Amino acid sequence: MKRVWTVLLLGLLPCLLCGEEAFLLAPSKQIYDRYGAPMRGFLSENNTYYLPVPLADVSPWLIAAAVAAEDKRFFSHPGVDVKAVLRAAWQNAREGEIVSGASTITQQLARAVEPRPKTLWGKAGEAWNALLLERKMTKEEILEEYFNLLELGNLTQGVEAAARFYFNVPASELSLSQAAFLAGLAKSPTQYNPLRHFARALKRRDWVLKKMLDNGFIDREMYDIALTEKLELRSAARPFSAPHFTRFLQPLVPASAKDVYATIDRELQLYAEELVKNYVSRLAEENVTNAAAVVVENGTGAVLAYVGSADFYNEKNNGQVDGARALRQPGSALKPFVYGLAFEKGALTPASLIEDEDTFFEGGFRPRNYDESYHGPVSARGALACSYNIPAVKAAEKSGAANLLALLRRAGFSTLEKPADFYGLGLALGNGEVRLLDLTNAYASLARGGVYKPLLVAREPVIRLPGREARVFDEKTAYLVTDILADNNARAPAFGLNSPLSVPFPLAAKTGTSKDYKDNFTLAYTPRWTIGVWVGNFDATPMQQISGVTGAGPIMHDLAVYLQRKYPSPPFETPEGVTRALVCAQSGLLAGPACKHTKEEVFDSAHLPAVCDGKHTASAPALAITSPSAGDVFKLDPSVPLSSQSVKFEAACRVSGCAWTLDGNTLPGVSCQTWWTLKPGKHALSVACGGEKASVSFEVLP
């Protein structure tokens with residue numbers, strides 16, 4: 001094509017003297033899965049399916065058929081067939097209208113490159129261009145360009161695209177009958193459209209075969225066999241798999257690429273699509289209309305499956321919105337990174353006890369647990385496994401919102417663009433918007449031992465999403481988090497032993513549910529692969545009490561079981577520097593001789609806790625509020641002036657100088673005791689002293 005345009009430039013055509021670059025039609029992008037199964041073809045810039053091939057890959061039958069039907073003296077004329085022109089002029093004059101044409105193949109090629117009006121001067125210009133082409137190109141080069149630019153209906157451009165579309169064979173393998181059939185379409189792809197006028201197209205094929213016989217290109221026996229061959233359209237439907245993924249991939253493909261081998265496993269993709277569709281239909285009564293799922297191969301970062309919605313064609317539920325890349329709030333799905341950061345800094349171990357109680361944090365932030373209850377002192381393992389909110393915020397407080405945000409950005413969450421002050425400690429509970437695709441890859445970083453790797457979306461040519469490989473966590477830290485997420489017993493108090501997160505092989509899993517049940521997630525991984533599932537509605541309406549474990553969880557479960565059969569994964573390996581030891585369940589310290597209640601826990605050897613002295617002093621902080629007691633209830637006396645009804649706040653501490661906070665507001669003074677006038681309502685009181693903190697809740701009745 002570029003050759004033709006250059007030749008016309010050499011002819012000094014007035015419209016081409018402006019110095020523009022030579023026009024080169026890029027081939028249509030054909031996307032295949034990782035095993036070569038066709039997934040989707042995209043239109044060229046001409047809005048056609050265009051697959052250029054060299055003349056050597058065009059069936060000789062097609063060359064003979066085209067020459068017989070369109071230009072029998074092609075190999076002898078100089079670009080314009082004078083005999084054909086005179087014949088057509090005489091026939092048209094005799095009939096009083098245009099009944100015959102005389103355009104040669106070379107003229108048709110010139111017209112395809114430089115369309116001209118069907119006037120006398122237009123035809124003259126077309127003939128002149130054809131003469132120029134013949135001076136600069138061989139007959140074989142002209143035929144090659146002609147066969148590649150020929151439009152043969154149903155958006156096919158070039159004989160390769162047409163052969164594959166109509167007969168599911170390459171142009172090199174066309175039979176005599178098939179070749180004559182395609183050659184016949186060239187006269188009028190609309191009039192002879194095989195999908196609408198098959199009988200008409202078949203009759204045209206017979207005419208082409210007769211022309212080939214009359215011109216001596218085939219003998220009578222060949223003619224008879226070709227005439228009786230039964231033609232079937234075998235590939236009228238073009239593949240359209242993984243619509244969200246292929247739409248996402250297409251603009252990333254280099255302009256020079258024709259065939260693209262994606263990372264998708266089409267068989268897995270079809271299974272995931274059907275699974276998502278079926279589960280969403282089951283949850284319709286709970287106002288669930290959509291879901292998305294992503295599967296990543298950990299070792300390479302390759303995307304194995306990518307489901308953007310429950311039904312791409314469902315306009316009512318916005319099926320063409322891509323749920324894998326839509327911004328949603330992840331809820332508790334970010335908690336593994338909160339605890340991982342605290343583990344790595346040595347601020348917590350999986351055995352550390354965290355007080356799960358009503359707590360006001362900086363700025364009056366007062367999180368609630370999903371189950372609307374408090375669980376007292378819980379281990380970091382139990383708090384993460386059961387997804388308790390208050391301990392997670394306390395864990396984030398130990399590292400700081402700024403450090404947590406920096407970690408999440410290293411893990412690939414590029415959509416968390418606001419400063420740390422914007423999110424605050426609420427970042428631990430997912431108050432920032434992320435994409436399922438990024439969330440899945442962040443969990444794959446945990447599976448890789450703490451290494452982030454940009455996702456791979458095509459194997460040939462190699463196409464990775466933007467980003468650089470980076471270490472998010474130390475390998476030991478990643479293992480501590482993984483060990484907790486794979487502990488079905490640890491999450492049993494919140495999810496039960498037989499939840500969708502439980503499978504018969506090692507699997508680390510975590511759920512997340514955003515505020516008001518607008519989004520829920522389940523993430524899971526083995527050493528070999530990672531799954532991310534989102535369930536919700538694209539119009540942001542809330543679901544009816546559907547959480548991660550009841551919405552996204554079952555989809556993840558079935559996907560995991562399927563993947564383990566197809567891509568079996570080994571168990572998690574314990575890295576060097578990780579120690580398993582008995583701990584005291586009452587203190588969270590290493591078990592001493594006097595500790596009666598012990599359990600095994602896993603540690604980074606560099607951050608081992610102290611040995612419990614048997615008195616379990618670690619479970620009772622040196623700082624304590626002695627008045628009021630937790631759960632106290634006070635009643636206002638209407639016969640006594642309100643100003644005279646007060647309660648003493650008192651703390652037992654090691655050093656003087658206590659800072660009191662009530663309902664998130666700092667009280668004046670730094671004394672170990674202070675008085676407060678009663679006000680009706682439920683209240684949360686906390687005191688800070690000597691680097692420690694204690695809290696209680698109480699109530700005042702009117």
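Colleague: Which residues does Cys658 touch, not counting residues up to four places away in sequence?
Modeller: This is a predicted model, in which local features need pLDDT of at least 70 and side-chain atom pairs count only at pLDDT 80 or more, whereas totals for chains, interfaces and linings use all residues. Residues are numbered from 1 along each chain as its sequence is written, and side-chain values use heavy atoms, with hydrogens and water left out. Contact means heavy atoms within 4.5 Å. With residues up to four places away set aside, Cys658 touches Ala651, Cys653, Gly669, Val670, Ser671, Cys672, Val687, Ala688 and Cys689.

Colleague: Is Cys658 buried or exposed, and what is its relative accessible area?
Modeller: Cys658 lies in the loop between strand E23 (646-652) and strand E24 (659-662); helices (H or I, at least four residues) and strands (E, at least two) are DSSP runs, numbered from the N terminus. Buried means under 20% relative accessible area, exposed over 50% and partly exposed in between, with a 1.4 Å probe and protein chains only. Cys658 is therefore buried, its relative accessible area being 0%.

Colleague: What is the radius of gyration of the chain?
Modeller: The chain holds 21 helices and 28 strands. The radius of gyration is taken over C-alpha atoms, and the globule rule is 2.2 Å times the number of residues to the power 0.38. For 702 residues that rule gives 27 Å, and the chain is well over this value, so it is more spread out than a compact globule, with a radius of gyration of 37 Å.

Colleague: What share of the contacts between residues at least 6 apart in sequence joins residues at least 24 apart?
Modeller: The C-alpha atoms fill a box of roughly 120 × 55 × 45 Å, taken along the principal axes. Of the 702 residues, 54% count as buried. Among contacts between residues at least 6 apart in sequence, the share that joins residues at least 24 apart is 65%.

Colleague: Which side chain of opposite charge is nearest to Glu70?
Modeller: Glu70 is placed in helix H2 (residues 60-70). For charge, Lys and Arg count as positive and Asp and Glu as negative, while His and the chain ends are not counted; a salt bridge is a side-chain nitrogen of Lys or Arg within 4 Å of a carboxyl oxygen of Asp or Glu. Glu70 is buried yet has no salt bridge, and at 4.1 Å the nearest side chain of opposite charge is that of Arg204.

Colleague: Which side chain is joined to that of Glu70 by a polar contact of 3.1 Å?
Modeller: A polar contact is a pair of N or O atoms within 3.5 Å; within protein, one must be able to donate a hydrogen and the other to accept it, and residues adjacent in sequence count only if both atoms are side-chain atoms. Leaving aside neighbours within four places in sequence, Glu70 is in contact with residues including Ser103, Tyr146 and Lys187. At 3.1 Å, the polar contact joins the side chain of Glu70 to that of Gln108.

Colleague: Which residues of helix H6 are buried?
Modeller: Eight of the eleven residues of helix H6 (residues 139-149) are buried, so this helix is largely enclosed by the rest of the structure. Those buried in H6 are Lys139, Ile142, Leu143, Glu145, Tyr146, Phe147, Asn148 and Leu149.

Colleague: What is the N to O distance in the salt bridge between Arg164 and Glu160?
Modeller: Arg164 and Glu160 are four residues apart in helix H7 (residues 159-167), which means that about one helical turn separates them. Arg164 is partly exposed at 38% relative accessible area, whereas Glu160 is buried at 6%. Their side chains meet in a salt bridge with an N to O distance of 2.7 Å.

Colleague: Which residues are linked with Arg381 in a network of salt bridges?
Modeller: Arg381 forms a salt bridge with Asp487, the closest N and O atoms being 3.0 Å apart, and both residues are buried. Arg580 and Asp483 also meet in a salt bridge (3.0 Å, N to O). That pair links distant parts of the chain, Arg580 in strand E19 (residues 578-584) and Asp483 in helix H19, 97 residues apart. The network links Arg381 with Asp483, Asp487, Arg580 and Glu601.
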